[in-house]
Amino acid sequence: MNILAISHEYPPIGGGGSNACLFLLQGFARRGHTVSLVTAGFDRLPEKEVTRAGVKIYRVKAKRANKEHCSFMEMYDFLGKAKRCAFKLCKEEKFDIALIFFGIPSGPIGVSLKRKFKIPFVIRFGGGDVPGFQERFKSIYKVLGPSIKKIWKKSDARIANSDGLKKLAYEFYDKEEFKVIPNGVDVDVFMPDDMRVSGRIFKILFVSRLIERKGLQFVIPQLPQLRDMLEAKGKGLRLTIVGDGPYRETLEQIAKENGVYDIIDFVGQKDKDQIVPYYQDADVFILPSKKEGMPNVVLEAMACGLPIIMTPCQGSKELISDNGFVCDVDDFGKKLYELSFDNAKRRFMGLASIRKVRSEFTWDKTTEKYLDLMKEILS
């Protein structure tokens, strides 16, 4: 197949959806398919390049100010420029199918490609493009709602990455079928450090964009009591926060106000090749998020053998069983204390995480499911 992908985020910009785009397109190319991507330019990234896997990347000069997040107006700017670039490519070569990341902002491009060039298109939802997911776009979705439904209706397939996200999409529009294909993780990169031994400091890890929806503001105030309880038994506490974003200053202030700034490391955004040691050095991974699609960071933590504590957001049903806890954010402190001295339970949960990832959530399995669906559409 000759596949055209459209995404306003692709590494090094963006978050989990960007990461999914990278691995899926690499997987397509490595299986012998021709893959082109239209995405947003940023800083000094090249306008055109071919990746090691053979993916052809075309970056448009979009008005994106931040690496970690994108405003609605920046998405709108990308939409027009990406459409022109996609049309130019379609006049130069014949594409069999288009894969659209995500319904917003790139969905209208899929409709236009289908109308003008007769190219079927698949929408891959990531979370924020589903009305009801992000409060900041609530008023915008009220205006765009009818148009979004038309885009979804004209698509040839709609893919959610978790049952929870599928349910949220159905609540908005129940006239079409939604398929679930979960995210994956690269188990050749994300793996445990078998030589690591837990020490006198209990190490908690959080990895994600620093935005309000991720919920860290509810965990940090629980740390003083947890720290005091651990210190009473001769153990220290450390929280490492990997990521950056508009909410960082607020989180730093909350940490100072609660007297725990000295036990929190804000290490900033890290590239994928830099992030593995943080997972390998941690004792437990937390994600106190209000809403997700299917969090890649949880999959990465699981692949590195970590027990998981997360809220009952989208993706938790599929990811967490005997490898961690799904609980209200107010109970994170209790669960962290429960695991802090129980090395055997942490190891049991960590091994369960590894088994679950390797049996259900590799990018190879996810890539094959996408390809099977696209072949079915074209048959």
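In this briefing, a residue is buried when its relative accessible area is under 20%, exposed when that area is over 50%, and partly exposed in between (1.4 Å probe, protein chains only). Tyr170, with 28% relative accessibility, is therefore partly exposed. The structure is a predicted model, in which local features need pLDDT of at least 70, side-chain atom pairs count only at pLDDT 80 or more, and totals for chains, interfaces and linings use all residues. Residues are numbered from 1 along each chain as its sequence is written, and side-chain values use heavy atoms, with hydrogens and water left out. Helices (H or I, at least four residues) and strands (E, at least two) are DSSP runs, numbered from the N terminus.

- Eight strands form an open sheet in the order 3-4-2-1-5-6-7-8, and its pairing is mixed; two strands pair if DSSP finds at least two bridges between them.
- Strand 3 (48-50) and strand 8 (179-180) are the edge strands, each pairing on one side only.
- Strand 2 (residues 34-40) and strand 4 (residues 56-60) run parallel and are joined by five bridges. Ala40 has Val60 of strand 4 as its bridge partner.
- Helix 4 (residues 138-154) lies across strand 6 (121-124) and strand 7 (157-160), and runs at about 125° to strand 6. Such angles run from 0 to 180 degrees between N-to-C directions, with axes taken as lines fitted to C-alpha atoms, for helices over the stretch in contact.

- Strand 10 (residues 236-242) pairs with strand 11 in the parallel sense over four bridges, and Thr240 has Asp265 of strand 11 as its bridge partner.
- Contact here means heavy atoms within 4.5 Å.

**Strand 9**

- Strand 9 is largely enclosed by the rest of the structure, because five of its seven residues are buried.
- Seven bridges pair strand 9 with strand 10 in the parallel sense, and Ile201 stands opposite Gly236 of strand 10.
- Strand 9 and strand 12 also run parallel, joined by two bridges; Leu205 has Phe285 of strand 12 as its bridge partner.

**Aromatic residues**

- The count comes to 13 aromatic pairs. Rings of Phe, Tyr and Trp (its six-membered ring) pair if their centres lie within 6.5 Å; planes under 30 degrees apart count as stacked, over 60 as edge-to-face and the rest as tilted.
- Tyr170 and Phe178 form an edge-to-face pair, at 5.0 Å centre to centre and 75° between the planes. Phe178 counts as buried, at 2% relative accessibility.
- Phe190 and Tyr279 form an edge-to-face pair at 5.9 Å centre to centre, with 80° between the planes. Phe190 lies in the loop between strand 8 and strand 9 and Tyr279 in helix 9, so this pair ties together parts that are 89 residues apart in sequence. Phe190 and Tyr279 are both buried.
- One aromatic cluster is formed by Phe125, Trp152, Tyr170, Phe172, Tyr173 and Phe178.

- Lys149 is located in helix 4 and is partly exposed, at 32% relative accessibility.
- Apart from neighbours within four places in sequence, Lys149 is in contact with Phe172 and Tyr173.
- Phe332, Gly333, Leu336, Leu339 and Ser340 are buried in helix 12 (residues 332-340). These residues cover an arc of only 130° around the axis, which puts them on the same side of helix 12; the arc is that of the directions from the helix axis to the C-beta atoms.

**Cysteines**

- A search of the whole structure finds zero disulfides, a disulfide being a pair of cysteine sulfur atoms within 2.5 Å.
- For Cys21, the nearest cysteine sulfur is that of Cys85, 14 Å away. Cys21 is buried, at 0% relative accessibility.
- For Cys327, the nearest cysteine sulfur is that of Cys313, 11 Å away. Cys327 is buried, at 8% relative accessibility.
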